[in-house]
Amino acid sequence: METNQKENAPTNVVGKPLDRVDGPAKVTGAARYSAEINVPGTVHGVLKTSTIAKGRITSIDTSRAAKEPGILNIFTHENLPKPAKTPKQIEKWRAAQSYLPMQDNQIQYAGQPVALVVATTLEAATQAAALIKVTYQVETPIDSYLDPKAELFDPQKIQSGKKDAHVVRGNPQQAYDGAALKHEATYVHAINHHSPMESAATLAVWEGADKLTVYEASQNVTMHQGNLAELLGMPREQIRVVTKYIGGGFGCKGSFWPHTILTVLAARAVNRPVKLALTRQQMFTGVGHREDQEQTLKLGATADGKLVSIVHTKKATTSPWDNYTESNGKIMDMLYACENYSTVYELARANVMTSVWMRAPGEGPGSFALESSMDDLANQLNIDPLEIRLRNYADHDHSNGKPWSSKSLKQCYTRGAELFGWDKRNPKPGQTRRGRMLVGHGMASATYPVHSSQGTARVRLFADGHAVVEAGATDLGTGTYTVMTQVSADALGLPPEKIRFELGDTRLPTAPGSGGSVAAGTVASSIMAAAQDVWDKMVKMAVADKKSPLYKAKPTDVKVELGRMFLIKDPKKGETLVAALGRSGQPDIEGSGTGRYGAGYEEKNFGQNGADPNNDNKEKKTGGHSMHSFGAHFCEVEVDPDLGTIRVTRWVGVHGAGTVLNLKTATSQMTGGAIYGIGAALMEDTFRDPNFARYTNADLAGYHVPVNADIPNMQVEFVPETDPYINLLGVKGIGELGMVGVTAAVANAVFNATGRRLRSLPMTPDKVLEAMRLPA
Amino acid sequence: MNNFSYIQADKAKEATAAKRDDKSAAFIAGGTTLLDLMKSNVENHDQLIDVNLLPFRGIEMTKDGLRIGALERMSDVGAHPLVAQQFPAVAESLLLAASAQLRNMASIGGNVLQRTRCGYFRDTAFPCNKREPGTGCPALEGDNRNLAILGTSETCIATSYPGDLSVALIALDAVLTLENAKGKQRQVPITKFYLLPGTTPQRETVLEADELIVAVTIPQTEAARKSKYLKVRDRASYAYALVSAAVGLEVQGGTIRAARVALGGVGAQPWRCSEAEKMLVGKPATEATFRAAAELALRGAKPREHNAYKIEMAKNTLVRALSEVAV
Ligand SMILES: Cc1cc2nc3c(=O)[nH]c(=O)nc-3n(C[C@H](O)[C@H](O)[C@H](O)COP(=O)(O)OP(=O)(O)OC[C@H]3O[C@@H](n4cnc5c(N)ncnc54)[C@H](O)[C@@H]3O)c2cc1C
Ligand code: SF4
């Protein structure tokens with residue numbers, strides 16, 4: 001059930017910095033990650049992957065491997081049972097990569113699975129995999145869009161057909177040509193890998209020929225279930241996907257990758273549960289990456305710095321089959337008012353696997369280009385970087401003319417500047433020294449959309465005063481368990497320790513996965529809706545119960561807040577849900593509900609224009625408001641002009657993201673987002689060899705992510721923000737917001753420190769030294 | 001990783017004899033280098049000889065200098081007051097290396113024998129002359145950002161020793177004590193221990209198959225006491241050096257009396273800069289002098305597409321390090 005609630009619900013525990021409810025299980029090891037689950041009879045799978053990037057397999061010699069003790073089977077394209085359908089044959093394929101290896105002898109990318117060994121021990125399977133000898137007919141691969149052999153093409157649609165590859169508004173080129181101020185620059189972004197701590201893993205358990213349970217490191221159990229059902233030609237209901245804990249994902253576990261179905265097929269063939277976890281090296285060619293890309297951004301402005309044109313183009317590498325690329329251009333309209341705008345994507349096919357969404361896909365690299373160029377523009381005009389942003393502040397969404405559902409960006413700028421001491425910044429680049437170090441201050445804006453989403457939840461309140469709340473969501477490790485416990489506690493008026501929140505199982509009510517920052521807002525709303533179903537049932541029960549203070553009241557005169565039913569006109573008259581339930585003799589009561597997040601919520605509750613609360617027109621696809629979260633980053637860097645090293649020495653992030661469900665986990669998320677961005681800014685870079693199209697640093701010794709010593713004290717705040725249009729609780733997602741703009745904030749600070757503009761990520765010491773050689 | 005057998009040696013002789021008799025065996029100390037290489041099938045050993053019980057321990061001052069047992073752990077040596085006070089470059093090279101966990105496991109002997117971080121070497125899918133002689137060197141035209149610019153050959157451009165400790169040891173004229181299966185010991189100055197790649201990059205040191213490293217001895221000098229290790233890397237901790245410098249100076253009345261200079265990250269092996277040292281002696285301890293020494297140290301550098309930055313970075317690192325020990 002849903003109500004037309006226009007104020008956000010009153011809270012008691014929601015918002016409080018509650019410790020993680022899953023913390024004790026994690027630190028004591030009681031929490032089992034997918035690869036740690038033990039089912040009797042489990043055997044181990046190990047993948048052998050292609051050494052070459054292009055060509056075909058001419059022979060596979062498994063004779064030595066097969067002699068190892070404990071080998072149950074060695075699958076190759078020659079003997080692996082075929083799935084009912086391949087991804088290409090599935091209309092509703094829900095994943096970035098549509099290519100399934102081991103169906104024939106073709107090799108399309110380095111690291112592509114060529115064999116799967118199943119053995120009684122992990123050691124035996126690993127050893128056997130090493131002993132398999134694969135002979136290839138090698139062809140020359142294409143390594144990237146920069147390869148002279150690569151051909152750029154117009155993909156028409158990007159992101160698996162979801163987005164247009166050309167977006168044009170107004171007359172951008174003409175406006176640019178006529179602009180008083182012009183700025184053009186090209187920005188390069190390295191290949192990045194998600195590199196979560198927990199590697200991808202599958203444990204496939206067949207319970208009979210037509211019943212399958214898969215324990216998967218999944219950010220979206222429904223997606224995994226749906227794709228498996230299609231691949232296997234089985235009804236969804238016969239497949240159960242379980243993910244109780246995730247050790248980070250950053251997007252890579254939110255898509256479907258070959259190892260999952262290969263493990264499932266192997267398990268069916270050997271008639272044993274098979275567990276397979278990718279090695280760290282395989283994580284670099286097993287679960288996608290952020291693609292190598294460059295963007296050219298042309299900004300045209302009036303003499304006083306008002307944007308008149310944004311012309312954005314992006315070139316990137318994609319796989320031989322899919323047109324996946326992040327849509328970098330979409331953030332421009334969220335931040336700045338500009339009538340003339342275009343963004344165009346060009347892709348080149350190379351021998352790489354399909355890239356995939358990685359924390360703030362599009363917004364991350366897109367903001368690097370936009371917010372660096374805006375900084376340059378401010379510098380050209382000799383005005384403060386904040387001032388150029390205010391002059392171009394978008395007071396509505398120029399892409400569709402809609403007002404914002406809420407936007408606290410100005411407050412974020414103001415509060416961030418205050419916390420940081422922005423007024424003390426020296427606007428002149430290259431002038432501030434601390435010993436030998438050049439000191440610089442930079443800032444950038446952050447924004448992330450509220451993607452429309454919906455989900456369901458179930459609430460079961462027991463007469464003894466505890467509750468079980470269920471939704472098939474996932475917890476990346478960022479706090480879903482905790483915040484949903486808080487939401488449930490307030491909805492039912494119980495202390496958090498009386499709530500058991502269950503997630504990560506397709507047997508539970510369907511909920512969205514952790515991706516696109518939709519989980520918190522959607523699942524919290526679903527729980528609220530399910531709780532309201534319980535409220536309604538309880539109110540009905542109470543008004544019919546002689547012993548209730550609400551006896552004979554009209555249900556519409558009764559309100560429920562924090563688990564207590566009372567008369568609106570006489571709030572003293574009422575009782576708690578638990579008290580009424582206890583008297584009824586009924587052991588428990590169950591409610592379920594659907595929660596909506598974003599445009600879907602607004603349409604249902606406010607009508608398309610946000611005017612008519614009774615409008616329930618399902619035809620309408622978008623709400624009346626444009627919905628986004630916003631924030632601002634401020635940072636200080638020290639640059640060693642002789643050695644080229646950059647250290648971030650201070651960080652302030654201020655964000656407006658609606659209702660904050662838990663101040664502690666939310667602050668951690670935003671801090672983590674900024675750290676993720678600092679990684680992309682300063683060190684993350686996977687090198688693909690130009691001749692072999694194979695990575696040369698595919699492990700965590702070679703692929704650097706930030707360590708403690710790289711991270712200074714991080715200060716994060718949220719500005720208060722109420723948004724009635726986005727969902728029942730006014731929650732905006734925060735998973736990705738914290739990362740947007742970070743790379744630009746660092747680059748802008750480096751510019752302020754050195755007078756040099758670095759436009760190629762990551763900004764490693766070699767690039768800094770090269771820039772320092774050039775005149776400022 | 002392949003299957004292997006494992007023995008624990010109580011006596012040096014037991015270990016060296018086992019190694020002499022089995023060409024495919026390897027000694028294992030902390031295992032932090034060895035196991036990584038075995039897991040990625042870069043090295044395949046059918047037998048591991050655990051040397052951790054051997055009495056190659058102790059950190060003590062002798063008449064020849066500071067003697068450190070080869071099985072002492074990096075963390076213990078780095079934190080030892082004698083090392084910190086008398087040989088700061090050595091202590092710093094140890095404490096700036098790897099991570100705390102690795103330093104607690106890793107031994108001094110193992111550190112000296114760690115192998116290149118060249119990405120092609122560590123992935124058997126690639127050809128590599130060092131790993132499989134004669135297959136070629138893809139780094140010449142590929143990912144050479146971390147590789148060497150001095151002492152390389154057309155066969156291999158790796159920084160064969162990528163670590164830190166040996167850079168400090170080379171600067172300070174350390175001597176290795178080795179012992180073979182006959183129980184015979186010999187002393188090898190570390191400046192003569194490492195081999196340049198030439199046409200045989202697979203041969204990295206003069207260590208014989210049946211030899212163990214017993215100890216390292218570092219002569220006590222004024223330059224060692226006023227020494228420093230400076231490391232430049234891609235992140236603030238837990239990363240190999242892009243470039244590093246180990247330097248020591250003895251300065252009297254503003255004039256340099258003795259100088260020790262070595263570079264890491266730029267040489268095919270840890271790089272002692274003897275010419276720069278000679279030039280420094282007798283000169284005033286000024287930045288101009290250091291700059292001239294740095295120019296000399298990098299003379300003849302042969303950069304590739306992605307590592308040309310190392311020339312300037314190494315010069316600046318040297319100047320910075322020398323300036324800091326001169327005060
Ligand atoms: C992720 C990572 C980062 C690192 N970063 C750094 C860094 O920044 N700087 C740095 O200097 N190092 C770094 N290291 C390397 C580390 O210092 C070495 O792995 C370590 O010192 C090796 O010592 P060990 O005792 O573990 O050697 P082992 O792995 O046990 O042995 C290494 C080799 O030496 C042989 N060996 C061992 N002891 C003896 C002996 N007494 N006599 C003869 N042969 C012997 C073994 O047979 C083997 O071939 C890093 C390592 C890792 C894994
Ligand atoms: S540089 Fe040396 S180690 Fe690296 S690929 Fe070439 S031969 Fe192998």
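**Cores, helix, sheets and ligand shell**

Reply: Start with A:M763. Leaving aside residues up to four places away in sequence, A:M763 touches A:I646, A:A681, A:L682, A:T743, A:V746, A:A747, A:V750, A:L758 and A:V768. The model is a predicted one.

Me: What makes these pairs contacts?

Reply: The cut-off is heavy atoms within 4.5 Å. A:M763 meets it with A:V746 and A:V750, among others.

Me: Which residues touch the most other members of the largest nonpolar core?

Reply: They are A:V637, A:W651, A:V746 and A:M763, in a core of 69 residues. Helix α16 (residues 742–754) of chain A gives the most to this core, with eight residues. There is also a second, separate core of 60 residues, which includes A:A471, A:V523, A:A531 and A:M565.

Me: Why is α12(A) called largely enclosed?

Reply: Buried means under 20% relative accessible area. In α12(A), 20 of the 25 residues are buried, so the rest of the structure largely encloses this helix.

Me: What span is expected for helix α12 of chain A, and what does it reach?

Reply: The expected span is 1.5 Å times one less than the number of residues. For α12 (residues 519–543), with 25 residues, 36 Å is expected. From first C-alpha to last, the helix reaches 36 Å, close to that value.

Me: How do you know that β4 and β5 of chain B pair?

Reply: Pairing needs at least two bridges. Strand β4 (residues 59–62) of chain B has four bridges to β5(B), and the two run antiparallel. B:I59 stands opposite B:I68 in β5(B). A hairpin through two residues joins β4(B) to β5(B).

Me: What else does β5(B) pair with?

Reply: Strand β8 (residues 212–218) of chain B, again antiparallel and through four bridges. There, B:R67 has B:T217 as its bridge partner. Four of the five residues of β5 (residues 65–69) are buried, so this strand of chain B is largely enclosed by the rest of the structure.

Me: What makes β9 and β12 of chain B edge strands?

Reply: The open sheet in chain B has the order β9-β10-β11-β12, with antiparallel pairing. β9 (227–232) and β12 (271–272) of chain B each have a single partner strand, so one side of each lacks a neighbour in the sheet. Two bridges join β11 (residues 255–264) of chain B to β12(B), and B:L263 has B:W271 as its bridge partner.

Me: Which classes make up the shell around ligand 2?

Reply: Eleven residues are nonpolar, two polar and one charged. Of the 14 residues around ligand 2, B:C118, B:C128, B:C137, B:C156 and B:I157 come nearest.

How values were computed. Residues numbered from 1 in each chain as written. Chains lettered and ligands numbered in written order. Predicted model: local features only at pLDDT ≥ 70, side-chain atom pairs only at ≥ 80, totals over all residues. Heavy atoms only, no water. Buried < 20%, exposed > 50% of the residue type's maximum accessible area, 1.4 Å probe, protein only. Near = heavy atom within 4 Å. Nonpolar A, V, L, I, M, F, W, Y, C, P; charged D, E, K, R; others polar. Core = buried A, V, L, I, M, F, W, Y, C linked by side-chain atoms within 4.5 Å.
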